Amino acid sequence: MSVISIRKTPDYSPEALSAAVNAHMEALNIEGDLSHDMRVAIKPNLVSPRRPDTATTTHPGLVEAVVNWLRDRGINDIVIVDSPGGLYTAQTLRNTYSTCGYRELGSIAELNYDVSWRTAETPEGFKNRSFNIITPLLDADYIINMPKLKTHSMMTLSGAVKNMFGAIPGIQKPEMHYRWPDIMDFANMLAELNLLLKPNLSIVDAVDGMEGNGPNSGSRIHAGVTFAARDPFTLDKVMADFIGLKDVELLDKYEELGLIKEAEIVGDDQADRVKFKYPDSKPLDFTGHVPKLLRGPAKWFLNTALTPLPKVDRSKCVGCGKCAESCPPQIIRIRDRKAHFTSKGCISCFCCQEMCPVHAISIKRRVNL
Ligand code: SF4
Ligand code: SF4
């Protein structure tokens with residue numbers, strides 16, 4: 001049984017956030033975990049430098065409420081740490097903290113600028129033999145994972161488990177996509193990463209989430225809740241149900257690995273459910289209505305015709321090259337200050353769309369139904 005705490009959190013006022021954090025911490029009895037000499041790492045979602053009102057990154061107000069809660073209990077060695085998309089440099093981090101509204105948090109917690117990483121070996125039985133992990137997360141005594149609740153073009157759901165992908169340094173993330181192009185293998189990798197790092201607690205910002213083409217190009221949607229749990233896998237399942245997502249491969253993988261437990265919901269379990277729109281990339285499958293014998297060929301046709309692929313709008317493209325930098329199979333070239341894609345070799349990971357600062361990349365299928 002996993003305890004999942006849900007709290008109505010109507011807005012980002014300090015009062016609402018502090019009330020929600022107090023309630024989550026009490027419901028999960030977190031105070032008992034902590035001691036004064038601990039180094040606590042807070043891992044928000046800082047995928048790219050976007051303002052808080054775009055609902056792309058974890059709101060700084062929620063992180064501030066968690067830091068204040070820790071400091072009120074005498075825990076002062078707190079570091080805020082993430083490896084955003086793109087290059088992992090001190091300059092990128094400075095820019096990200098500034099745009100995402102985190103710079104002021106530097107007066108109450110350490111903002112990480114250490115861009116080193118180490119290799120952590122995984123236990124036997126894992127498909128990944130090791131992971132390269134950013135140093136402050138490996139050195140922490142206690143990890144508080146703080147995702148933004150979003151739909152995601154590749155994984156459908158960006159919740160607690162996906163947020164820990166930011167533990168992988170910079171452009172080593174696209175390399176992981178290249179190594180595990182199949183969505184279920186990628187989901188397995190995310191599960192193994194979480195089983196290795198074992199975030200102690202997840203507190204999720206769903207006051208305003210992102211629907212549609214997340215993690216960067218979707219739209220803000222007000223859900224008015226925060227979630228918290230010790231178990232990120234069951235938490236993801238509860239959150240997917242809350243926002244009406246079905247057929248999420250990530251959850252199928254956790255199920256297969258036996259990682260989803262029975263959930264005991266505490267707090268505002270009657271909070272209004274809010275349906276999030278799927279990303280445009282969500283695979284479509286109508287073969288359930290096709291006679292059994294024809295299902296194989298029908299699936300082949302649909303996979304070919306309906307495989308989602310990125311498409312660049314060159315009138316918007318500013319030729320920054322961030323898509324090419326993050327494309328795992330390196331099939332994007334910048335010519336005449338515009339991005340040019342070849343569809344051959346594309347693994348539909350949508351890292352390019354994730355990294356494009358001007359939303360010049362959309363998702364299209366060969367056949368539109
Ligand atoms: S073109 Fe975009 S979607 Fe295709 S492999 Fe490269 S980054 Fe992934
Ligand atoms: S990231 Fe966007 S703006 Fe930059 S080169 Fe690629 S498509 Fe153009």
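## Overall build

Of the 369 residues of the protein, 46% count as buried. Buried means that 20 or more other C-beta atoms lie within 10 Å of a residue's own; exposed means 12 or fewer, and partly exposed falls in between, with C-beta atoms placed from the backbone. This is a predicted model: local features need pLDDT of at least 70, side-chain atom pairs count only at pLDDT 80 or more, and totals for chains, interfaces and linings use all residues. Residues are numbered from 1 along each chain as its sequence is written, while chains are lettered from A and ligands numbered from 1 in the order in which they are written.

The protein has 12 helices and 16 strands. These are DSSP runs numbered from the N terminus: helices are H or I with at least four residues, strands are E with at least two. The radius of gyration is 20 Å, close to the 21 Å that the globule rule gives for 369 residues, so the protein is as compact as a globular protein of that length. That radius is taken over C-alpha atoms, and the rule is 2.2 Å times the number of residues to the power 0.38. Along the principal axes, the C-alpha atoms fill a box of roughly 60 × 50 × 45 Å.

## Two domains

The protein is divided into domain 1 (2-267) and domain 2 (287-364). Such bounds come from an automatic or database domain assignment. The C-alpha centres of domain 1 and domain 2 lie 27 Å apart. Their contact takes 16 residues from domain 1 and 15 residues from domain 2. Two residues are in contact if their C-beta atoms, placed from the backbone, lie within 7 Å.

## The core

The largest nonpolar core has 96 residues, and Val66 and Phe227 touch the most other members. A nonpolar core is a set of buried Ala, Val, Leu, Ile, Met, Phe, Trp, Tyr and Cys residues joined through C-beta atoms within 7 Å. Helix α7 (residues 183-197) gives the largest share of this core, 7 residues. Domain 1 (2-267) and domain 2 (287-364) both contribute residues, so the core lies between them.

Not counting residues up to four places away in sequence, Val66 touches Val21, Ile42, Ile144, Met146 and Ile203.

## Around the ligands

Ligand 1 has 14 residues around it; Cys327, Cys346, Cys349, Cys351 and Cys352 come nearest. Ligand 2 is surrounded by 15 residues, the closest being Cys317, Cys320, Cys323, Ala339 and Cys356. A residue is near a molecule if its C-beta atom, placed from the backbone, lies within 6 Å of it.

The shell around ligand 1 holds 13 nonpolar, 1 polar and no charged residues. The shell around ligand 2 holds 12 nonpolar, 2 polar and 1 charged. Ala, Val, Leu, Ile, Met, Phe, Trp, Tyr, Cys and Pro count as nonpolar, Asp, Glu, Lys and Arg as charged, and the others, Gly among them, as polar.

## Backbone details

Most residues other than glycine have a negative phi, and most peptide bonds are trans. Ala55 has a positive phi, near 60 degrees. Ala55 sits in the loop between β2 (40-44) and α2 (60-72), and is buried, with 26 other C-beta atoms within 10 Å. Lys198 also has a positive phi, of about 45 degrees. Lys198 lies in the loop between α7 and β10, and is exposed, with 10 other C-beta atoms within 10 Å.

The peptide bond from Gly214 to Pro215 is cis, with omega near 15 degrees. Pro215 lies in the loop between β10 (201-211) and β11 (219-229).
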